[in-house]
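Welcome! Let's take a look at how two chains meet, and then at one residue in its surroundings.

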2 protein chains.
Amino acid sequence: MTAEPLPPGATLGILGGGQLGRMLALAAARLGIRVHVYDPAAGGPAAQVAAAETVAAWDDTGALARFAAEVDAVTYEFENIPTASLDAIEALVPIRPGRRALAVSQDRLTEKRFLRDLGLATAPFAPVDSLAELESALAELGTPAILKTRRFGYDGKGQARLRDVAEAPAAWAAMGGAPSILEGLVPFSAELSVIGGRGADGAVACFDPGENVHEDGILRRTSVPATVPAALATDAVLIAGRILNALDYIGVLGVELFVTDAGLVVNEIAPRVHNSGHWTQTGCTICQFEQHVRAVCGWPLGDGSRHSDVVMENLIGDDIARVPALAAEGAALHLYGKAEARPGRKMGHVNRIVARSG
Amino acid sequence: MTAEPLPPGATLGILGGGQLGRMLALAAARLGIRVHVYDPAAGGPAAQVAAAETVAAWDDTGALARFAAEVDAVTYEFENIPTASLDAIEALVPIRPGRRALAVSQDRLTEKRFLRDLGLATAPFAPVDSLAELESALAELGTPAILKTRRFGYDGKGQARLRDVAEAPAAWAAMGGAPSILEGLVPFSAELSVIGGRGADGAVACFDPGENVHEDGILRRTSVPATVPAALATDAVLIAGRILNALDYIGVLGVELFVTDAGLVVNEIAPRVHNSGHWTQTGCTICQFEQHVRAVCGWPLGDGSRHSDVVMENLIGDDIARVPALAAEGAALHLYGKAEARPGRKMGHVNRIVARSG
């Protein structure tokens, strides 16, 4: 697909009004692109900085059609948008990244099969639609293993870890009957992620791989550069490029990878800007948010080379109380405009430059 | 003055909805600070990215009071705000930078006297309130000289250059009877500017001096570092620091200086973020806009050290047609969301990294 780039003053619609939408809106503003946010909740993080806001449910096809009629292109900050809603929009205006990327990433089983068909290593997996299937999958993959719903999971929700086949009934019950996937656990020494961008012209540009540390299933820190051999970092970037091209992707995509004794294993992909790419705001001239806006608006990709080594730390829940101390530190703080600090809720992040690079 | 820092979620009021207000709003958003813009025109550059907007005239004291009641602090993007309007606001909420900085910078004569009393070099000057005073001032200062209204001038407006005393009647007529100031022309080899910040705690931090090139009275380019000896750059920073402290200033201030055979001469000061500081968005972790928001919100100043050498180029009027080519270049583009590209109108700027520093 090629398309005329949107001119300055055009309007980009963003599905979802959370922090990713907020930072996309800030990047769009830098480029003179107006933003119209669609979200079921009013006045959220993105709407606070957008030129226009539609407050309506995800399945309100009338509101979606009115929204689509008022914007020049649509992108999204999360991938679990109902198919009928996407249909209502796409009848009027392009959605970028496109439907294929959404279809692949909305379903863990489809995603695993897509990755495997690309020749990429994944965790061993098996579809699970019943307790009997779970038990036979456990016999095949062994334990420990992890059972996940195929759809609508994030930040460790909709998952159950199994250490023994005796835990199968409880784990299956926890999925609530939803189509699921069993994944073998992959022993890994580190988790990397690559944030890659692909323009409407097919040009691909990836940011340097970051090294992630999770706590309680939530990303805690990303450090760049990753402490891996250069050849492995190059492999990671090549994997991201292969995925971007296979999906004929337009926009920025996040790829999470495990570093194992047998090389890189792809954990999952996210067809959007990604928490593990927030370091680019401080480490690069053009950050992941601007790169995504450029791509979905049909602009050429920008210069995403890294000028500084950065450690990004998420501020989660009560971490918001650390803001005065973090402000005094002078590092680059990013807060999301969320009123209430619930446990596990991402409230902001801080980017610390640890060295100059390049 | 010391004050409790505004918490995330507090609202900063910005007087003026142009591009400086827009970039202040984007910086405030990064810190989780809501922005409420006050401007006589609806939907301007800043309002497009603000959480709230008041559209009312500068002398609408009722609207100003309602605006002030809804915000936690007020700052401004331009210095020519009527005194009565400031009174209406200040009865309810602090204005930062404070009234002294505004009083000094709103009036070129007051400003020159303030600088001279600080022991700083300025162009020779004399007050002019009549044709007779202009003629005697010309006799004292010689020609060439430049006649300026004391108030409400920017980008070369409200100014007349005199090469000969015979031009005095026409120049005085061009001032329309407004109280004016005659300034002797200072031969200079370069123009610098220093963007300095001072926190509510009295801490001062200046960005590295930039070197400016004007065309037709409008800033065209700022390059950092400036091509001057290190001692001169240090002098420039010390001058900015002296001005900030003398004004008990809270916020970011721009100081324009001439490099002359006799050292640095202060041209003018602006009690706000400044076009010649736009390079900081790409060259520093914390840019001038965030530094200003931090200061006026009572936060500690951030790390304004320079990580890259940058050339900032303004996009003026028809330059907006160059956006596709500039986008392809991959450099950091900043567009202001202005619908109409009039001659002389600042439409955006581009920051190009020319080298890594530090």
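How many residues does the contact take from chain A and from chain B? The contact takes 36 residues from chain A and 36 residues from chain B. Please keep in mind as you read on that this is a predicted model.

## The interface by area

The size of an interface is often given as the accessible area lost when the parts come together. Here, chain A and chain B bury about 2,900 Å² between them, and 61% of that area is on carbon and sulfur atoms. On the chain A side, A:R30, A:Q48 and A:R356 supply 17% of the area that chain A buries against chain B, which is more than any other three residues.

## What lines the chain A side

Which elements give two or more residues to the side of chain A that touches chain B? They are α1 (19-30), α11 (323-329), β16 (332-335) and β17 (346-356) of chain A. Sorted by class, this side of chain A has 19 nonpolar, 11 polar and 6 charged residues.

If you like to look for pairs across the boundary, there are 12 residue pairs in polar contact between chain A and chain B, both residues at pLDDT 80 or more. The count of salt bridges between chain A and chain B is 0.

## How the two copies are related

Two copies of a chain are related by a rotation about an axis and a shift along it. The same surface serves both copies, as 100% of the contact residues of chain A recur in chain B.

## A closer look at A:H349

Strand β17 of chain A holds A:H349. Is A:H349 buried or exposed? A:H349 counts as buried because its relative accessible area is 0%, and buried means under 20%.

The side chain of A:H349 has two partners to look up in the viewer. A polar contact of 2.7 Å joins it to the side chain of A:Q281, and one of 2.6 Å joins the side chains of A:H349 and A:Y336. Leaving aside neighbours within four places in sequence, A:H349 is also in contact with other residues, including A:M23, A:H278, A:M312, A:E313 and A:L333.

Key. Residues numbered from 1 in each chain as written. Chains lettered and ligands numbered in written order. Predicted model: local features only at pLDDT ≥ 70, side-chain atom pairs only at ≥ 80, totals over all residues. Heavy atoms only, no water. Contact = heavy atoms within 4.5 Å. Buried area = accessible area lost by both parts, 1.4 Å probe. Salt bridge = Lys/Arg side-chain N within 4 Å of Asp/Glu carboxyl O. Polar contact = N/O pair within 3.5 Å; in protein donor to acceptor, adjacent residues only side chain to side chain. Helix = DSSP H or I, 4+ residues; strand = E, 2+ residues; numbered from the N terminus. Nonpolar A, V, L, I, M, F, W, Y, C, P; charged D, E, K, R; others polar. Buried < 20%, exposed > 50% of the residue type's maximum accessible area, 1.4 Å probe, protein only.
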